[in-house]
Amino acid sequence: MNIKFIGTGSMISNDNQAAYLVNDSIMVDFPQGTMKILKKNNLNENIKYIFITHTHADHFFDLPFIILDFYQRKQKLNIVICKKDKKKVLKLLKLGFPGLFYKILLDKTINFIDNKWPIKTNNLTIKSYKTIHGVKKNCFGYIFKYNDKKIVFTGDTTICDNLLENIKDADYLICDVTNKIGNNFHLGVDDVKTFLKEYKNLKIIPSHMGKNSKKELLNFKNQNLIIKEDLQDLIVK
């Protein structure tokens, strides 16, 4: 299993916005600027699924551009999202391309899939779990099962029961580390240090990093802490 870190930064960092390409065909989140990055690196044409964690701008605002790309290439795109947030994607698409909006719908370019159901594709099983991100409703992380490996993506979250339940037997955690100190919206470097101490077999790859949290993480040495830069890969065997 290959995970390419399209972006590792938060909205206010110098890095690309946090997004991930799994096995060249599955995206987790699709923030602003993602489409240009994918096209520049010839990574857009094999995508089949996009999993959205939540509908904040820095997690789904580039969806109209890949939808247009699929429409022009006459291909179908599966968007996995909370059923209640489907309308937000359609509103964003209509705002972005009002002249093509109904043509794209009539062409059935988009196939919306409710994220409450597990997805099985090739040798992966993917399911969602609810997270807590301040007062924002409908926030989710995703669990990828690959052979005997469990990889947990948090999306944006604070410490919550669902997260703790899912990482206790996980092999990899790809997590929001926006802040130095965690709060009601995001995890912090302090939370990562706690996880490393408590879960000895868990490998942690921080993402959605702010400038200050990344600087502190780079200075913290632990064999189970893996820092990735934009467009670097993680191989899960």
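**Close-ups of a predicted model**

**View 1. Asp233 and Lys4, one end of the chain meeting the other strand.** Asp233 is partly exposed, at 32% relative accessible area. Its salt-bridge partner is Lys4, with the closest N and O atoms 2.9 Å apart. The two sit in distant parts of the chain: Asp233 belongs to strand 13 and Lys4 to strand 1 (residues 2-7), 229 residues apart. Lys4 has a relative accessibility of 14%, and since the cut-off for buried is under 20%, Lys4 counts as buried. Keep in mind throughout that this is a predicted model.

**View 2. Asp15 and Lys214.** Here the side chains of Asp15 and Lys214 meet in a salt bridge, 3.0 Å from N to O. Asp15 is in the loop between strand 1 and strand 2 (19-22) while Lys214 is in helix 8, so this pair ties together parts 199 residues apart in sequence. Lys214 is another buried lysine, at 11% relative accessibility.

**View 3. Lys180 and Glu216.** This salt bridge has its closest N and O atoms 3.7 Å apart. Lys180 comes from the loop between strand 11 and helix 7, and Glu216 from helix 8, so the pair ties together parts 36 residues apart in sequence. Both ends are partly exposed: Lys180 at 41% relative accessibility and Glu216 at 24%. For the whole model, the count comes to nine salt bridges.

View 4. Seven strands line up in the order 6-5-4-3-2-1-13, with mixed pairing. Strand 6 (110-114) and strand 13 (233-235) are the edges, each pairing on one side only. From one strand to the next, the twist averages 20°. Helix 3 (residues 63-72) packs on the sheet and touches strand 4, strand 5 (77-81) and strand 6, its direction making about 155° with that of strand 5. Helix 4 (residues 86-96) lies across strand 5 and strand 6, at about 155° to strand 6. Zoom in on strand 3 (residues 26-28) and strand 4 (residues 49-51) to find a parallel pairing over three bridges, with Ile50 as the bridge partner of Met27.

**View 5. Helix 7 and its two sides.** In helix 7 (residues 189-198), the buried residues are Val189, Asp191, Val192, Phe195 and Leu196. They span an arc of only 155° around the axis, which puts them on the same side of the helix. Those buried residues pack against helix 6 (161-167), strand 11 (172-176), strand 12 (203-207) and helix 8 (211-218). Over on the other side of helix 7, Lys197 and Glu198 are exposed.

Conventions. Residues numbered from 1 in each chain as written. Predicted model: local features only at pLDDT ≥ 70, side-chain atom pairs only at ≥ 80, totals over all residues. Heavy atoms only, no water. Buried < 20%, exposed > 50% of the residue type's maximum accessible area, 1.4 Å probe, protein only. Helix = DSSP H or I, 4+ residues; strand = E, 2+ residues; numbered from the N terminus. Arc of directions from axis to C-beta. Contact = heavy atoms within 4.5 Å. Pairing = 2+ DSSP bridges. Axes fitted to C-alpha atoms, helices over the stretch in contact; angles between N-to-C directions. Salt bridge = Lys/Arg side-chain N within 4 Å of Asp/Glu carboxyl O.
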